[in-house]
Amino acid sequence: MRITRYASVDDVGRRINPLIVHGQTHGAIAQGVGQAMSEQVYLDPDSGQPLTGSLMDYAMPRADTLPPFDTEIAEVLSPTNPLKAGGEGGTTAAPAAVVSGILDALRSTGVRDIQMPATPYTIWSAIQNAKNVRPRAAGEGG
């Protein structure tokens, strides 16, 4: 699976330094994409020892696995907090956008739900499970 395009509009409150806010927004989107597609902690069931304690074992998005982001910053000032500023909106929107895109792509296979992280194995398993519960059409063998 590959993300080919990602666009967003983020309300950041007061934008003091646009370059920093865009950087925060891009980082937040990357973090949300990682949560949706790859990041998962595994623990040893007997000891509780983390089995994904380094970047050799813990999958995170990288620049070469993400497309360029098309981001727009909306500056809507808060009436209760004049200092509100930031670009963290991608951390909440990206997982929903990515999982919705995956489900849209898998609609024809009968997959209606998928758990995060939507790893290749998780997607394959969801397709296999959908095949096993999908009613067969008239004349369909199997």
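This is a predicted model: local features need pLDDT of at least 70, side-chain atom pairs count only at pLDDT 80 or more; totals for chains, interfaces and linings use all residues.

Visitor: How many helices and strands are in the chain?

Guide: The chain has 3 helices and 2 strands. Starting at the N terminus, the order is β-α-β-α-α.

Visitor: And is the chain spread out or compact?

Guide: Its radius of gyration is 19 Å, while the globule rule gives 14 Å for 142 residues, so the chain is more spread out than a compact globule. Along the principal axes, the C-alpha atoms fill a box of roughly 65 × 45 × 30 Å.

Visitor: What share of the residues is buried?

Guide: Buried residues are 31% of the 142 in the chain. As for the surface, the chain exposes about 9600 Å², and 56% of that comes from carbon and sulfur atoms.

Visitor: On to the strands. In which sense do E1 and E2 pair?

Guide: They pair in the parallel sense, over 6 bridges. Ser 8 stands opposite Thr 71 in E2, and Val 9 has Glu 72 as its bridge partner.

Visitor: Which side chains of E2 point to which face?

Guide: Phe 69, Thr 71 and Ile 73 point to one face and are buried.

Visitor: What about E1, which residues are on its covered face?

Guide: Tyr 6, Ser 8 and Asp 10 are on the covered face of E1, and Ala 7, Val 9 and Asp 11 are on the uncovered one.

Visitor: Back to Asp 10. Why does that one count as buried?

Guide: Its relative accessibility is 10%, and buried means under 20%, so Asp 10 counts as buried.

Visitor: Now the helices. How many residues has H1, and how far does H1 reach?

Guide: H1 covers residues 18–37, which is 20 residues. From first C-alpha to last, H1 reaches 28 Å, close to the 28 Å expected at 1.5 Å a residue.

Visitor: What happens at the start of H1?

Guide: A side-chain oxygen of Asn 17 comes to within 3.0 Å of the backbone nitrogen of Leu 19 there.

Visitor: Which residues of H1 are buried, and what covers them?

Guide: Among them are Val 21, Ile 29, Val 33 and Met 37. Their cover includes strand E1, strand E2 and helix H2.

Visitor: H2 then. What do the buried residues of H2 pack against?

Guide: They pack against E1, H1 and H3. The buried residues of H2 include Val 98, Val 99, Ile 102 and Leu 103. H2 has 17 residues and reaches 24 Å from its first C-alpha to its last.

Visitor: And H3, which residues are buried there?

Guide: Ile 123, Ser 125, Ala 126, Ile 127 and Ala 130 are the buried residues of H3. What covers them includes H2. H3 has 14 residues, and its reach of 20 Å is close to the expected 20 Å.

Visitor: Changing topic: where is Pro 117?

Guide: Pro 117 sits in the loop between H2 and helix H3. The peptide bond from Met 116 to Pro 117 is cis, with omega near 0°.

Visitor: What are most peptide bonds, cis or trans?

Guide: Most peptide bonds are trans.

Visitor: Is Pro 117 buried or exposed?

Guide: Pro 117 is buried, with a relative accessible area of 7%. Leaving aside neighbours within four places in sequence, Pro 117 is in contact with residues including Gln 35, Ala 36, Met 37 and Thr 122.

Visitor: How far apart are Pro 117 and Ser 38?

Guide: They are 79 residues apart in sequence, but their C-alpha atoms are 5.2 Å apart in space.

Visitor: And what share of the contacts in the chain joins residues at least 24 apart?

Guide: Counting contacts between residues at least 6 apart in sequence, 66% join residues at least 24 apart.

Technical notes. Residues are numbered from 1 along each chain as its sequence is written. Side-chain values use heavy atoms; hydrogens and water are left out. Helices (H or I, at least four residues) and strands (E, at least two) are DSSP runs, numbered from the N terminus. The expected span of a helix is 1.5 Å times one less than its number of residues. Buried means under 20% relative accessible area, exposed over 50%, partly exposed in between (1.4 Å probe, protein chains only). Contact means heavy atoms within 4.5 Å. A polar contact is a pair of N or O atoms within 3.5 Å; within protein, one must be able to donate a hydrogen and the other to accept it, and residues adjacent in sequence count only if both atoms are side-chain atoms. The radius of gyration is taken over C-alpha atoms; the globule rule is 2.2 Å times the number of residues to the power 0.38. Accessible areas come from the Shrake-Rupley method with a 1.4 Å probe; for residues, only the protein chains shown count as cover. Two strands pair if DSSP finds at least two bridges between them.
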